[in-house]
Amino acid sequence: MAPTKSGSFVVDTRPLWIILLQSSLHPILLLIGVVLYVAVLYSVSSADLDPTGQRALAVFALCVFYWVFDVLPLMITSLLAIVLLPLAGALPAKDAYALFGNEAVFFILGAFILAAAMMKSGLSNRLALVILHRFGHDPITLLRGVFVLNALMSFFMSEHAVAAMTFPIIVEILAVLHLPPERANYGKSLMLAMAWGTTIGGVATLLGGARAPLAIGILRELTGDTYSFTEWAILNIPLSVLLSVVAIYLLDVFFPVGELDISRADQAVQDRLTKMGRMTLQERVIAVVMAATVLAWITLGEQFGLANVALVAVVILFASKAVEWRDIEGYVNWGLILMYGGAITLGSALHRTGAAAWLADQTIASWATGPVSVLIFIAVAAIVLTEVMSNSAAVAIIMPLSIAVAGQFDIDPRIMAPIVAVPAGLSFMLPIGTPANALAFSSGYLRVRDLAVPGLILHVVGLVILNLMAWFYWPLLGTSP
Amino acid sequence: MSAVSQDPMSANPGILKLDLAIRGAALDDSLQSREDLFRVPPARSAVARSLDLILPGNVLVSAPVGEAFTQDSPYKLIAENDRFYLQSNGERAEVRIVAPPGYYAMKTRSGIPMWRVGRSYGPYLAINPAKRCGFSQTGSECQFCDSSTQGSDRDEPIPVDDVIDTVRAAFADGAIDFVYLHMGYVDSDDAGVQSIEPYVRAIKRNFDTLVAVQLQPPRENRWIDYIYAIGVDAISYSVQIHDAAILETLCSGRSQQVGRDRYYEALRHAATIFPNGTVWSDLIIGLEPVESTLAGIDALVEMGVLPVLSVFRPLDDTQLRDHPMPSSEDVAPVFAYMFERVRQAGINMNWVRDLSFAVTPFEARFFSDPNALDGGLGSLYRSKIGNLAVRNLSRLRRRLRVRKVNDSYGSSGL
């Protein structure tokens, strides 16, 4: 029997031997990681790999294993990498810790704090309600409104935060419509619109998820190249738009809505807005700062750096007393900051020691026949990995290898950032793929099949669009394979 | 059903327990001066004002004394120096009286006599920390129940610290092995789970002991999961009467505010959450036809719940004081049936076994197969090592089965 949820506890009622087996798996996995580390350290030898590369590779093997099997929390594995690299002799301790101070890490921190301010003040919630109220007068426009709302908001704040914010609103809409979860196509559509909207919107800019800043952080650390806020957005917004059109079409095909009176849903949204009252001064200040920040990222990002712009905005928020530290503290995912610092350090160690090039040569380079197959292979690997593990970990694993393999196939390494980061964000098929999927699934409206079948189609279409973009659109903007 | 000897003073202590539980015992004059036995007023459960006796074979019984119906009992309790005898029809059997433990004379930090906080019955300390039972507050208490036992006349619950003082003193006395918390009806979704939670947590934090709890069923099953998760080792939702119509007549509160079917739903769910043999439900024999009690036993056993049988006794202060008592001839086959059904179903009888006020399936073996369960695991459970093992296994099971849900959405946002 599956675990049952109760308040803040889950009681697992499966046979004890299964639970015991599962529990004993953790120490076994921990041990396997250590064995893997030792095995790579002492058994992998090649004339092309010097001892420091071998040590970096051993740390990488251990971290990949722990990340994939979730043996330790992701951020702890990252910290382990920072500790192990100097201990193993792959990187001086000073360098390992200095890499943690990468600009990408501070950009993510700033973006988190800005998003936290929007959420805490209720500004993001108000924005969502206003848009839904404007468009939600018939079932089709409400559905598309939910999709576009989630996608657009994910342009400017973490897609996970957007999903967490809009999910309760959609639940309330469905509740007032009295749609029984098992049979309601409209419930399925709205939930998927929320999940897919945030996912697709989240790949468009550097703010939707921390994958893109991480990929750019690794790119910058390894090659010195980078992307501006605008460059990244222009590169990926068309993909996001095209994929949105396909996703909305798939929702129509798989879950036709038919006749439905949604006036009560409209009323529920209106009620929520009424309860919020007028826009507060705090919301106004945060809205102005947020708008100015986005403008600054677009116009001044290249000159001053994205992280600097973000952190200046944060300082202004605190200086104007629009937010207090205790309001923000709980909203920032500090673990993610640690995770990214460690991942960038590890990627850099692999690159500096030549381990990444060697590993790419042994794997992707030996299977791929040319730039086309390299890009397809990397994108597929990212999309598969992100369905079963953290998309950040997927980026951390693939990005250093991709940059190394780019050198071997004479591909511009810059293209590897979107080729890895975009598919790593496209998780449509499984509830575990992304928190937005998990939330949609938890509503009770969706079965795994409802996610998996249209999600698979969306994956394939996404891969095709991504590769078409890479070969035909991105070169127009100066990013060529 | 197996044939049962009808000689109460026979070597079968189960039958003697049953007969004593039904008829009680008259007290000989030789006991009247024994203040050590009556340091505090005799305990009174929902069944009778009683003295705990240990019969031959180490069978524990709470024998009614001092009730009107015990004056006509064929049993008389006699003291000769420091030895006690049960006398009936010229025959005698030596028994031991469970003397009130020393902690009864002590007070808690806030000055409450400890015997008012918790009473020890055989191996366990029974504590009702709550205010009055919700059924009695609405005038819908069970007609056989002396509501003064369900939270007495307290207006406020007993402070957790006072309960801890009492448990500590009881353990120091060596009087008990585990703690049994019980509460009457609480009109809320959780049926009092959150009210009893601080006591459970405090006891678990301070003592290495098992905790059993008896409540009314909560409205949602998640509270059953919750109470297991916070440390309760055994749970009881006592339906008392299987026949729905009789339950409605005699226990309108249970019938209307909880509903008989809800008792069974809750018990069925609890049996999937708690270890085998740690979920039990009381049925009272003598208030409904025997066939109905048998059907109740079947219903409980089929869902993996341990039935525990109490024999109805008409208490002086209750609405059923004139209701006829069942005879031991009527009820003995029911005990035998209960034992056989539980044994066939493979429900562990060792967790809930020595209850002075009721007959457990473990004790009911005397009515079917007296030598069953001798030695083996049954003995192990009561040994010090066995008890230690049980406590630790219980803890390990909870550790394996219960996981905290991390509600932080952000933490999954990687």
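Helix 20 of chain A covers residues 391-408, which is 18 residues. From first C-alpha to last, helix 20 reaches 25 Å, close to the 26 Å expected at 1.5 Å a residue. These values come from a predicted model.

Helix 20 of chain A has a kink of about 30 degrees at Ile398(A), shortly before the proline Pro400(A). Of its 18 residues, 16 are buried, so helix 20 is largely enclosed by the rest of the structure. Just after helix 20, Asp410(A) takes a positive phi of about 60 degrees.

Now for the charged pairs. Side chains of opposite charge can pair when their charged atoms come close. The count is 31 salt bridges over all chains.

| Salt bridge | Closest N and O atoms |
|---|---|
| Lys17(B) with Glu363(B) | 2.8 Å |
| Arg109(B) with Asp165(B) | 2.9 Å |
| Asp208(B) with Arg395(B) | 3.1 Å |

Lys17(B) forms a salt bridge with Glu363(B). This pair links distant parts of the chain, helix 1 and helix 13 of chain B, 346 residues apart. Lys17(B) and Glu363(B) are both buried.

Arg109(B) forms a salt bridge with Asp165(B). Here a loop between strand 7 and helix 3 of chain B is linked to helix 5, and the partners are 56 residues apart. Asp165(B) is buried, at 12%.

Asp208(B) forms a salt bridge with Arg395(B). The two are 187 residues apart. Asp208(B) is partly exposed, at 36% relative accessible area. Arg395(B) is partly exposed too, at 41%.

How values were computed. Residues are numbered from 1 along each chain as its sequence is written. Chains are lettered from A and ligands numbered from 1 in the order in which they are written. This is a predicted model: local features need pLDDT of at least 70, side-chain atom pairs count only at pLDDT 80 or more; totals for chains, interfaces and linings use all residues. Side-chain values use heavy atoms; hydrogens and water are left out. Helices (H or I, at least four residues) and strands (E, at least two) are DSSP runs, numbered from the N terminus. The expected span of a helix is 1.5 Å times one less than its number of residues. The bend at a residue is the angle between axes fitted to the seven residues ending there and the seven starting there. Buried means under 20% relative accessible area, exposed over 50%, partly exposed in between (1.4 Å probe, protein chains only). A salt bridge is a side-chain nitrogen of Lys or Arg within 4 Å of a carboxyl oxygen of Asp or Glu.
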